[in-house]
Amino acid sequence: MKNLNITINFDMDGTIADLYGVENWLDYLIAEDTTPYAVATPLLRLSALARRLNTLQRNGYNLAVISWLSKSGSPEYNERVTAVKMAWLAKHLPSVHWDRITIVPYGTPKENFCFSPADILFDDEERNRNNWTGRAYDVQNIMEILREI
Ligand SMILES: [Mg+2]
């Protein structure tokens, strides 16, 4: 298998997981309750996404997640959120073998994890896309873009 040294990175909240669609999500987070992260529904058809990602990985792309923890969570809450996010990925994208899962404090510059101008980021936050030093895309056309790679 060739290694292209190109990584396709996914944000989670607002990109593949509908955290913000969970009613009262912010109140839960402020109360350090992990429920919204667990019950967030997928924002796209993840079986199709998984198939496409697995093909791309076979063709030499690396697959990664870069996700922020909640704003001002305690270390203990951050640990629980990390576990729930990992469980969400395992539940919804069980066939995807991520090369890297990076779950970092809120506000960590995602461009710290961009290692090539060819690296790709899908992220709903404009600031993350603007700061990314590779190729960055909003969330509207994820499947179309992955098909054209
Ligand atoms: Mg996001």
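Asp13 sits in the loop between strand S1 (7–10) and helix H1 (25–30). Helices (H or I, at least four residues) and strands (E, at least two) are DSSP runs, numbered from the N terminus. This is a predicted model, where local features need pLDDT of at least 70, side-chain atom pairs count only at pLDDT 80 or more, and totals for chains, interfaces and linings use all residues. Residues are numbered from 1 along each chain as its sequence is written, and side-chain values use heavy atoms, with hydrogens and water left out.

Asp13 is buried, with a relative accessible area of 9%. Buried means under 20% relative accessible area, exposed over 50%, and partly exposed in between (1.4 Å probe, protein chains only). The side chain of Asp13 makes a polar contact with the side chain of Lys85 (2.9 Å). A polar contact is a pair of N or O atoms within 3.5 Å; within protein, one must be able to donate a hydrogen and the other to accept it, and residues adjacent in sequence count only if both atoms are side-chain atoms.

**The magnesium site**

Which residues are the protein donors of the magnesium ion? They are Asp11 (OD), Asp13 (O) and Asp124 (OD), lying 2.1 to 2.2 Å from the ion. Donors are N, O and S atoms within 2.8 Å of the metal (3.2 Å for Na, K and Ca); water is not among the atoms, so sites may look incomplete. Along the chain, the donors follow the spacing D-x1-D-x110-D.

**Salt bridges**

A salt bridge is a side-chain nitrogen of Lys or Arg within 4 Å of a carboxyl oxygen of Asp or Glu. The count comes to six salt bridges. The table includes some of them.

| Pair | N to O distance |
|---|---|
| Asp11 and Lys110 | 2.9 Å |
| Arg80 and Glu76 | 2.7 Å |
| Lys110 and Asp123 | 2.9 Å |

Asp11 and Lys110 form a salt bridge. Asp11 lies in the loop between S1 and H1, and Lys110 in the loop between S3 and strand S4 (120–122), so the pair ties together parts that are 99 residues apart in sequence. Asp11 is buried at 5% relative accessibility. Lys110 is buried too, at 1%, and so is Asp123. Asp11, Lys110 and Asp123 are linked in a network of salt bridges.

Arg80 and Glu76 are four residues apart in helix H4, separated by about one helical turn. Arg80 is partly exposed at 32% relative accessibility. Glu76 is partly exposed at 43%.
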